[in-house]
Amino acid sequence: MDTRPAVIAIIINDNDSVTELNALLHEYADYIIGRMGIPYKQKGICIISVAIDATQDIINTLAGKIGRIKGVTAKTVYSKG
């Protein structure tokens with residue numbers, strides 16, 4: 001199966017969701033290239049970017065699961081090839 005790199009941008013508005021998000025990312029660790037998290041204390045949010053290389057189905061599944069976590073928003077950007 002063909003894989004493609006993508007970035008999942010995540011904004012956490014509810015710090016109680018961090019544990020659930022980290023568990024989910026750990027579940028998909030084999031596909032994750034790297035991640036960067038930035039706490040934005042003035043706004044009370046965290047911004048995380050996750051670089052991933054997987055099939056489109058796996059990326060969509062992960063992004064969908066992240067988006068269903070209470071207090072979390074996720075958007076995905078795919079590479080062209």
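These notebook entries record what I looked up in a predicted model, sheet and helix by turns.

**Ground rules.** I number residues from 1 along each chain as its sequence is written. The model is predicted, so I note that local features need pLDDT of at least 70, that side-chain atom pairs count only at pLDDT 80 or more, that totals for chains, interfaces and linings use all residues, and that side-chain values use heavy atoms, with hydrogens and water left out.

**The sheet.** I started with the strands. Helices (H or I, at least four residues) and strands (E, at least two) are DSSP runs, numbered from the N terminus. Two strands count as paired if DSSP finds at least two bridges between them. I found an open sheet of 4 strands in the order β2-β3-β1-β4, with antiparallel pairing. Its edge strands are β2 (32–40) and β4 (72–78), each of which pairs on one side only. Neighbouring strands of this sheet are turned by 15° against each other on average, direction ignored. Axes here are lines fitted to C-alpha atoms, for helices over the stretch in contact, and angles run from 0 to 180 degrees between N-to-C directions.

**Strand pairs.** I then followed β3 (residues 45–54) to β1 (residues 4–12): the two run antiparallel and are joined by 9 bridges. Arg4 has Ala54 in β3 as its bridge partner. Between β2 and β3, also antiparallel, I noted 8 bridges. There the bridge partner of Tyr40 is Ile45 in β3. β2 and β3 form a hairpin with 4 residues between them, and Gly44 in the turn has a positive phi of about 70°.

**Helix α2.** Next I looked at α2 (residues 56–67), which lies across β1, β3 and β4 and runs at about 160° to β4. The helix has 12 residues and reaches 16 Å from its first C-alpha to its last, close to the 16 Å expected at 1.5 Å a residue; the expected span is 1.5 Å times one less than the number of residues. Which residues of α2 are buried? They are Ile59, Leu62, Ala63 and Ile66. Seen down the axis of α2, these buried residues fall within an arc of 95°, so they line one face of the helix. The arc is that of the directions from the helix axis to the C-beta atoms. Buried means under 20% relative accessible area, exposed over 50%, and partly exposed in between (1.4 Å probe, protein chains only). What covers the buried residues of α2 includes β1, α1, β3 and β4.

**The core.** The largest nonpolar core has 19 residues. Such a core is a set of buried Ala, Val, Leu, Ile, Met, Phe, Trp, Tyr and Cys residues joined through side-chain atoms within 4.5 Å. Those with the most contacts inside it are Ile8, Ile10, Leu21, Ile52, Leu62 and Ile66. The elements giving it two or more residues are β1, α1 (18–27), β3, α2 and β4. Leaving aside neighbours within four places in sequence, I found Leu62 in contact (heavy atoms within 4.5 Å) with Ile8, Leu24, Tyr28 and Ile52.

**Single residues.** Asp14, in the loop between β1 and α1, is buried at 18%. Not counting residues up to four places away in sequence, Asp14 touches Lys70 and Gly71. Thr55, in the loop between β3 and α2, is buried at 11%.
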